[in-house]
Amino acid sequence: MEAAPLLKSSASAAAFRASSSLASSRRIGFGRRDVTLLRPVLLVRPFCTDLADGLLGSGSKRRARGPVMAAKKASEGGMQEEGKYKHTVDLPKTKFGMRANAVVREPEIQKLWEDNQVFKRVADKNTGGSFVLHDGPPYANGSLHMGHALNKILKDIINRYKLLQNYKVKFIPGWDCHGLPIELKVLQSMDQDTRRELKPLKLREKAAKFAKDTVKIQMKSFKRFGVWADWDAPYLTLSPEYEAAQIEVFGQMALRGYIYRGRKPVHWSPSSRTALAEAELEYPEGHISKSIYATFKIISVPPASSPLFEEFLPDLCLVIWTTTPWTIPANAAVAVNAELVYVVAEVDQVLEDATMPEGKQKKLGSFLKTSEKKPFVIVASDLVSTLESKWGVKLVVKKVFQGSTLENCRYIHPINGKECPVVLGGDYITTESGTGLVHTAPGHGQEDYITGLKYGLPIISPVDDEGKFTEEAGELNGLEVLGAGNAAIVKCLDEQLSLVLEEPYKHKYPYDWRTKKPTIFRATEQWFASVDGFRQMAMDAIKNVTWVPAQAENRIVSMTSSRSDWCISRQRTWGVPIPVFYHVHSKEPLISEETIEHIKDIVSKKGTNAWWYMSTEDLLPEKYRQSASEYYKGTDTMDVWFDSGSSWAAVLGKRDGLRFPADLYLEGTDQHRGWFQSSLLTSIATTGSAPYSCVITHGFVLDEKGMKMSKSLGNVVDPDIIINGGKNSKDQPGYGADVLRLWVSSVDYSGDVLIGPQILRQMSDMYRKLRGTLRFLLSNLHDWKTENIVPYDNLPKIDKYALYQLENVVKTIKDSYEVYQFYKIYQIIQRFAIVDLSNFYFDIAKDRLYVGGTASFTRRSCQTVLAAHLLSIVSVIAPILPHLAEDVWQNLPFEYVTGDGSAAKFVFELKWPVPNESWLRMPANDVDFWRTILEMRSEVNKVLENARAGKLIGSSLEAKVYLHTADGGLASRLQELCRAENEADALHRIFITSQVEVLDSLNTNFVTSIPYAGNYSDQRTSDIWIGVCRADGMKCERCWNYSPQVGSFTEHPALCARCYDAISVQPLPAAAGVV
């Protein structure tokens, strides 16, 4: 299908490109090329200082819009005398509507792109290098939310900008398709009986269908956002080729010694019945744990410490504090910090139960209530006063000593009666809370585990997959550790006279991010990636990556430097199997280059379902088949972060048109501990390099009040409703994708961003105004031909200044695109394209566009400048507002020819505006002079408004302005504008008045005769006096300017000289004529 027909001029492509020096600059349809430059920040004075002025000259009542309004009225059947010269007025004409009708029009534009394969067409024609933005896979579970919209639209803005910069862009969208959430969705759709009889392969079949169906739904939404991608060939982590690449990564890490199997504590989710990675946890506010202070009685001390402690035995106790009483059965030691100072304190003056400040009850234990003799306790010296206050006791210090003195003391376990040692821990033991002594259970904590390895402590973990105590815990068997089990432990300690105090403790606690339920630390047999083996390489690689924003580097450094070994195994069915066999008797794992290669080949052809339906004999390579009966295949699957973290290998390393490393990764800030890190670790472990050259992170999307979105709060903003509208069109209008994209460009995504109804209304208003600006440009170029271009050197001064401003704006926008600061582009567009152009240049231009004469020099020069603005603005907004840009392009009233001589049928064939240094060569004193004119114009407007309010004038065209300055140089330049050879530079045209006179001197009588006056002050010049009175002469019926010449022409007595010439002289041929 061909593109919608363009309105074509009769100009040949050659004439379009070579008609003037402007054409040689290869701008305004004069050919473009790709140039990548870093440029200084815009320091140019904008066209207008008054942001309150309205769009397209509609803000101030003083504006003179009479001629065009009269012509329109007459053309619509108004009074004949009002439209006598209506056919001589050049009215704006365009089919480009003011109303976007985005809900209908945007899908039409998207179909145009799809039917013509515009993304591929433009990328294939581009001659620059490749640009690879690697897509982080969203999870194939549910509909898209605002976070998805922010993420994918940011990516699309970047890709589209790179297309305009002549890069070959290929964007492969991806989806994360394995894991527990999908498995749970499938299980929740079944009744209990069906679930019990469900076989692994059937579950996997249903999970795959659910994931693929979700991908289709999400893909449709992404397309509606206006995102360009290779939608026909996305990457799915469930596809056989992807799974095979992932197994290859696993194998390479294993063969390098980075993968091992061990029994150590991991985050375990009882609600999901699987191990979890750090990235699968969340830490909600407000969790309350049952915390306790408990005593462990010392039964022996080493000989070296005997003189210090002997007098206190057998009444000497260690005091520990824990928020997980359920781990006490697994206690194997008490750890102290060798560098801290500890004391032996006598417990004296036990007080009554106290109430916590927040009104929550704390309960004193039997240790303080029933002791016949005053007990002695060991605690950190720095915590004595804190513990006195908390326990309601007086602690009398008897001995002071270093923590190292306690090593190898032994105590009796209060529940199982076993002897346990006191050991030296690390810096994790502080005096910020607790007692300075740490209950150590190597089976339930990472630091405890490390300390346990040092001392050879037993790894005890009497807890099963459901989070219940096992038979190993004796009478506690079957109790949930986070519920009844916890309470039973506290009760037991109290009965054993070991409980000092029980109180609730509010803190952050790890929850399963999927089930939203608390997790536990539990020692199990798992597969791990030994991060220590390549941590330093990862840290070194981080330094060579560009992080946006820069502070993101600190976060990835912190998380990578401190992370423990990565638990990569999961006890679930829906995932990529860990391709390992186990010996039937010894349980030793079998993993070799041959087994990995063989399984990878099988998976690449049949997918990972083969692991479940093929026999061990068939899964083993030829070398091991004779002993197949001695092995069985494992049932663990890989962490989904290993899935997505292998995408660089499965996608960048396999797809044509991509390369490793990617130029860019872009995801939410939470991915520092997720995809950014998992991708880094797998890539470093196997290739020694980071998979990305640059990483951009964005914040979360909150509502207008800065609150997290929640269905219960009713503040969820749905991107689909933003685009298509909701049930109530008044409260939830359909804004279209471009308004959503405009919002994305408006926010500083380096932090959390806000969205809501009020913000969307603001975005819609800006979009409407920008559309109005573009409509003004299109409608006033309806009869423009490329052969009408006025050479730059012949342009009026005001037109040169307009191009100077435009070039600076384009440069600054490019700078912002290059550093991904789109909110600055939004601000520039809002200021320049909507406010400044409309309030100054467009306002002044209307006179010469409408009544200056169809073929007059001033009109053609203005159209030359308007064409440059149209092509530049539509180009720079196209990455952000592609539908609007394409809509403009499909209504372009002339044919645009690219550098290779072909017509640009679509806006992205336009390319980025080529820098035109000649437009920037305006002398500095000229720039300053125009800045003075603009500021002075603002002051003139104020005096004119006062005159209008005082009924001296109605329209500003009824006024004459007087100026006086003692600055001779400035006065001379102002006089020059008053005597300008062309109407465009005439000072009265700039002020939109009928006359301007610069006075050589002022006298008191004259000043008092002027009814309205004001002053303009500037540090660069002396004060300028401004006076306003009624204009001389009569009103011209055609242009509504006042002139003494009106009445001088017999044939047209109601016209001024300019209008008389405009209607008397036939339009000149192709070459622009001079009025």
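I looked up lysine 814 and glutamate 818 and found their side chains joined in a salt bridge, 3.5 Å from N to O. By salt bridge I mean a side-chain nitrogen of Lys or Arg within 4 Å of a carboxyl oxygen of Asp or Glu. The two sit 4 residues apart in helix 27, so about one helical turn separates them. Helices here are DSSP runs of H or I with at least four residues, strands are runs of E with at least two, and both are numbered from the N terminus. Both lysine 814 and glutamate 818 are buried; buried means under 20% relative accessible area, exposed over 50%, and partly exposed in between (1.4 Å probe, protein chains only).

I note that this is a predicted model, in which local features need pLDDT of at least 70 and side-chain atom pairs count only at pLDDT 80 or more, while totals for chains, interfaces and linings use all residues. Residues are numbered from 1 along each chain as its sequence is written, and side-chain values use heavy atoms, with hydrogens and water left out.

**Other salt bridges**

I searched the whole structure and got 61 salt bridges. One network, joined through shared partners, holds Asp90, Asp783, Arg859 and Arg860.

I then checked aspartate 799 and arginine 848, whose side chains meet at 2.6 Å, N to O, in a salt bridge. Aspartate 799 belongs to helix 27 (residues 797–818) and arginine 848 to helix 28 (residues 822–851), so the pair ties together parts 49 residues apart in sequence. Aspartate 799 is buried at 0% relative accessible area, and arginine 848 is buried at 5%.

In helix 9 (residues 200–224) I found glutamate 205 and lysine 202, 3 residues apart, about one turn of the helix. They form a salt bridge with the closest N and O atoms 3.7 Å apart. Glutamate 205 is partly exposed at 48% relative accessibility, and lysine 202 is partly exposed at 39%.

**Helix 32**

I listed the buried residues of helix 32 (residues 968–978): Leu970, Ala971, Leu974, Gln975 and Leu977. Viewed down the helix axis they fall within an arc of 155°, so they line one face of helix 32; the arc is that of the directions from the axis to the C-beta atoms. Their cover includes helix 31 (924–949), strand 33 (959–965), helix 33 (987–991), strand 34 (995–998) and strand 36 (1021–1030), where contact means heavy atoms within 4.5 Å. At the start of helix 32, I found a side-chain oxygen of aspartate 967 within 3.1 Å of the backbone nitrogen of glycine 969.

**Backbone**

I looked for cis peptide bonds and noted the one from leucine 313 to proline 314, with omega near 5°. Proline 314 is in the loop between helix 11 (306–309) and strand 10 (316–322). The bond from phenylalanine 660 to proline 661 is also cis, with omega near -5°. Proline 661 is in the loop between helix 22 (647–652) and strand 29 (664–668).

I also noted positive phi in residues other than glycine. Leucine 497 has phi near 60° and lies in the loop between helix 15 (484–495) and strand 19 (499–507). Lysine 516 has phi near 65° and lies in the loop between strand 20 (511–512) and strand 21 (520–529). Leucine 497 is partly exposed at 44% relative accessibility, and lysine 516 is partly exposed at 48%.

Key:
A polar contact is a pair of N or O atoms within 3.5 Å; within protein, one must be able to donate a hydrogen and the other to accept it, and residues adjacent in sequence count only if both atoms are side-chain atoms.
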